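Dear colleague,

I am handing over the structure below, together with some notes on its aromatic side chains and on one part of its surface. Please keep it open while you read, as the notes follow individual residues.

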Amino acid sequence: MKSFLIIGMGRFGHYLCSQLADLGNEILVVDQVEECLAPCLPLVTSAQIGDCTKPEVLKELGVRNFDSCFVCIGTNFQSSLEITSLLKELGARWVVSRASTDVQAKFLLRNGADEVVYPERDIAEKIAKKSSANHVFDFVDLGDYGIYEVLPLKSWVGKSIRELNVRVNYNISILGVREKDGSMRMPDAEYRFMGDDHMMIMGSDKDLARFIRKL
């Protein structure tokens, strides 16, 4: 269990709070508007009304005590920038700030953010990749690499990983296979593909794009 501070309870802040709470973490949420805090009250350890652009407000929160501090403000970039900077000045261990553009991300990183997230961009990218390719069920972005959940090529059905020499011929790695009954397994070289298998494949963006076009 970890402890988190979430500043700014808009839609992104609420979703983040809900997910962290489901994983059993301790959470303190802060917003200037009392009504924004209400939906998360059953999920959090504590909630406070306050303007976090004021150093005295952040000092009272004890930002050093949290494993991570999230700045989830999406409508006022100046406030997000000020809060990010203040958090680091006050000794916050790890600061994650929300950005809408690359320019915002650069300023946030220069002013103390340890990590920047783009919720809208990431969601749009995920939907676009799933919608643009056949038989792509999910994916995880790892920078220049990724993990895709896909069906095997038709030509793979009935053949083993060893026969296909997947790593050499396609430059991708098969991390796992979800079978028809929903069970997940880590296949060995003798595993033979079924037509309804869901493969978890990992590779560079370039190699994955080349493979996806074959589906």
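A search of the whole structure, which is a predicted model, finds seven aromatic pairs. One of them joins Phe139 and Tyr148, whose rings are stacked, with 5.5 Å centre to centre and 25° between the planes. Phe139 is buried, its relative accessible area being 7%, and Tyr148 is likewise buried, at 10%.

Another pair is made by Trp156 and Phe211, and it counts as tilted because the planes of the two rings stand at 50°, with the centres 5.4 Å apart. Trp156 lies in the loop between β8 (145-150) and α7 (161-164), whereas Phe211 belongs to helix α9 (residues 205-212), so this pair ties together parts that are 55 residues apart in sequence.

Turning to the surface, you will find a nonpolar patch formed by Val140, Leu142, Tyr145, Leu175 and Met202, which together have about 420 Å² of accessible area. Of these residues, Met202 is found in strand β11 (residues 198-204), and Met202 counts as partly exposed because its relative accessibility is 31%.

Conventions. Residues numbered from 1 in each chain as written. Predicted model: local features only at pLDDT ≥ 70, side-chain atom pairs only at ≥ 80, totals over all residues. Heavy atoms only, no water. Phe/Tyr/Trp six-rings, centres within 6.5 Å; stacked < 30°, edge-to-face > 60°. Buried < 20%, exposed > 50% of the residue type's maximum accessible area, 1.4 Å probe, protein only. Helix = DSSP H or I, 4+ residues; strand = E, 2+ residues; numbered from the N terminus. Patch = residues over 30% accessible without salt bridge, like charges linked within 9 Å, V, L, I, M, F, W, Y side chains within 5 Å. Areas by Shrake-Rupley, 256 points an atom, 1.4 Å probe, with all protein chains shown as cover. Salt bridge = Lys/Arg side-chain N within 4 Å of Asp/Glu carboxyl O.
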